[in-house]
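Let's take a walk through this protein together, from its sulfur links to its strands and its core. Keep the viewer open and follow along as each residue comes up.

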Amino acid sequence: MRSVICALLVILACDMAARRRAVRTLPAATWNAALTATATGHVTIAGKSIASSTRLHATWTAPGTIDHYVLIATETAGGPPLTFTASTSPFDLTNLESGTEYRISIRACLDAACVSSINSDASTVATTAEEYWQIRGSGSSFSTAERLVSDGNTKPFAIRWDNGTTQLYYDPNVAGEKGIKIATSSDPLTGFTPISGFGFRRGDAVGRMGIGPATFQVVPLTTRLGGQTRMFWEAAGTDQRARIYSRDSVDGWTGRDFHSGASTICLETDLAAGGACAAEMLIGTQGDAVNGNPKIQQARQFKLGLPLLDSSTWDETPGTFMIVTGHLSDPACSATFFNATYAVWNGTQWNVQYAPNGCPKLIAAVQAPMPVHVGGTRYKLYFNHNRESNGLGGHKPLKLLYADGAATGDALLVEFEDWETADRMRELRVLWPSGVELTDVEKSQFDDYQVWMPTRDPALQVMYSNMTCPNNACGAPFIGSALLVNP
């Protein structure tokens, strides 16, 4: 028996010694990474150094031999974390939000699956730069800015096909062609050549049907849906209430002819029910029997949120969102005239989203919203910040908000609750061609704009916009362009 006990004691002693050796070989729980993050991607304009609005440069010291690193960037104001994988230091964190403070942490993974890892003993904080846009042209005035299309007046919107052709839709300044005209270009930065004989015409006040196009958006549909081009537009009815309508092209992705007959131009009378360009009303107002929406007096400047970095066409995916500038009939819902309301496509119709108090879900003081896909279910939203109670006053500088589908609910959908609240809005800087910065009053001249990435590369971000001097001091509005100088 003594020999058995001695044997067991020897085995136990050996096991304890092995465990002590194993403990000694385990990595430390943390390491002094000396993690830093700084601004990067600087450009110099008119003597001013401007850092990237979406990147931060991270550096750290290695703890020894590891497989890879995982860096996590979280907005200090809250929001879903962004995760990055790096093989070595230094490393650039990309696709961040502009003008945003991030807390960044790092851990070193000892294996490919990161089952075993070491955390840094400290995180670091860094802030991205605000977005800077520069108007194309010369000098320091709208009067010397480049005109995107010779007869352009307002409301530009372009689509680009995979063959490199870009087609611009716009409201021209020629009285007989007011509505929607078309121009084309092989290079969306050098300007467009107008094409007559196509598009939509808006009638005059006498005998007007009230469904002629004002602001609009052009959306190519997938081949599954016939490969058509869908025109969405806003128009005020005979009751002076604006609603959202749509009409599909009859020439597929060419997207110029929306008339079912011999004509290639849709007159306003053609848009009525039974007409050659019969329009479908998508979002109505309070009291409308079809697609009506309580407490919405007008549904105006709008845009669909489409994942354009993934596809240039829309397949009518349920959950697609549309942000609509809403004028509300109940002053208890909002103290401002302009409000961003939210509609979601359920596969059959657009449903405006409502809060428990019966008011439309909204972000107050948002006019002319323009959502831009930045990857996955993440978007940024450009808009005029118009806080006037009656919509007048002309002080509506450009601002910016962000959304991430991972923030709430279904991570695959961008729901209203995924958008930041108004107190998070970022500043937007705009420069003249000379490099001098515009004032808020001058920035307020931007309206009905499109912000897009023509090549689906975030390195090239373009804005087309109505432009004019305050009080039209340099003539009627024209269509100009600007580039994001610090993506």
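Cys469 has a relative accessible area of 11%, so it is buried; here buried means under 20% relative accessible area, exposed over 50%, and partly exposed in between, using a 1.4 Å probe and protein chains only. Cys474, at 25% relative accessibility, counts as partly exposed. These two cysteines form a disulfide, with their sulfur atoms 2.1 Å apart; a disulfide is taken as a pair of cysteine sulfur atoms within 2.5 Å. The angle about the S-S bond is 110 degrees, and the link of Cys469 and Cys474 is right-handed.

Before going further, please keep in mind that this is a predicted model, where local features need pLDDT of at least 70 and side-chain atom pairs count only at pLDDT 80 or more, while totals for chains, interfaces and linings use all residues. Residues are numbered from 1 along each chain as its sequence is written, and side-chain values use heavy atoms, with hydrogens and water left out.

How many disulfides does the structure hold? There are 4, and with bonded cysteines counted along the chain they follow the pattern 1-2, 3-4, 5-6, 7-8. As a reminder, a disulfide is a covalent bond between the sulfur atoms of two cysteines.

Another of these links joins Cys266 and Cys277, whose sulfur atoms lie 2.1 Å apart. It is left-handed, with -85 degrees about the S-S bond. The pair links distant parts of the chain, 11 residues apart: Cys266 belongs to strand β20 (residues 265-266), and Cys277 to the loop between β20 and β21. Strands (E, at least two residues) and helices (H or I, at least four) are DSSP runs, numbered from the N terminus. Both Cys266 and Cys277 are buried.

Cys333 and Cys359 are also joined by a disulfide, at 2.0 Å from S to S. With -80 degrees about the S-S bond, this link of Cys333 and Cys359 is left-handed. It connects distant parts of the chain, 26 residues apart, with Cys333 in the loop between β23 (321-328) and β24 (339-345), and Cys359 in the loop between β25 (350-352) and β26 (362-364). Cys333 counts as buried at 13% relative accessibility, and Cys359 counts as buried at 6%.

Now for the strands. An open sheet of 8 strands with mixed pairing runs in the order β27-β28-β29-β30-β12-β33-β32-β31; two strands pair if DSSP finds at least two bridges between them. Why is one side of β27 and of β31 left without a neighbour in the sheet? Because β27 (366-375) and β31 (447-452) stand at the edges, each with a single partner strand. For β31, 4 bridges join it to the antiparallel strand β32 (residues 462-467), and Trp452 has Val462 in β32 as its bridge partner.

Next, find strand β7 (residues 82-86). β7 pairs with strand β6 (residues 68-75) in the antiparallel sense over 5 bridges, and Tyr69 has Ala86 in β7 as its bridge partner. The two strands form a hairpin with 6 residues between them, and Gly78 in the turn has a positive phi of about 105 degrees.

Strand β19 (residues 242-248) is largely enclosed by the rest of the structure, because 6 of its 7 residues are buried. Strand β18 (residues 229-236) pairs with β19 in the antiparallel sense over 7 bridges, including one in which Ala235 has Arg243 as its partner. Their hairpin has 5 residues between the strands, and Gln240 takes a positive phi near 65 degrees there. β19 also pairs with strand β21 (residues 280-283), antiparallel over 3 bridges, where Tyr245 stands opposite Met281.

Finally, the core. The largest nonpolar core has 42 residues, and among those with the most contacts inside it are Trp133, Phe142 and Trp419. A nonpolar core is a set of buried Ala, Val, Leu, Ile, Met, Phe, Trp, Tyr and Cys residues joined through side-chain atoms within 4.5 Å. Not counting residues up to four places away in sequence, Trp419 touches residues including Phe321, Tyr342, Leu401 and Val414, where contact means heavy atoms within 4.5 Å.
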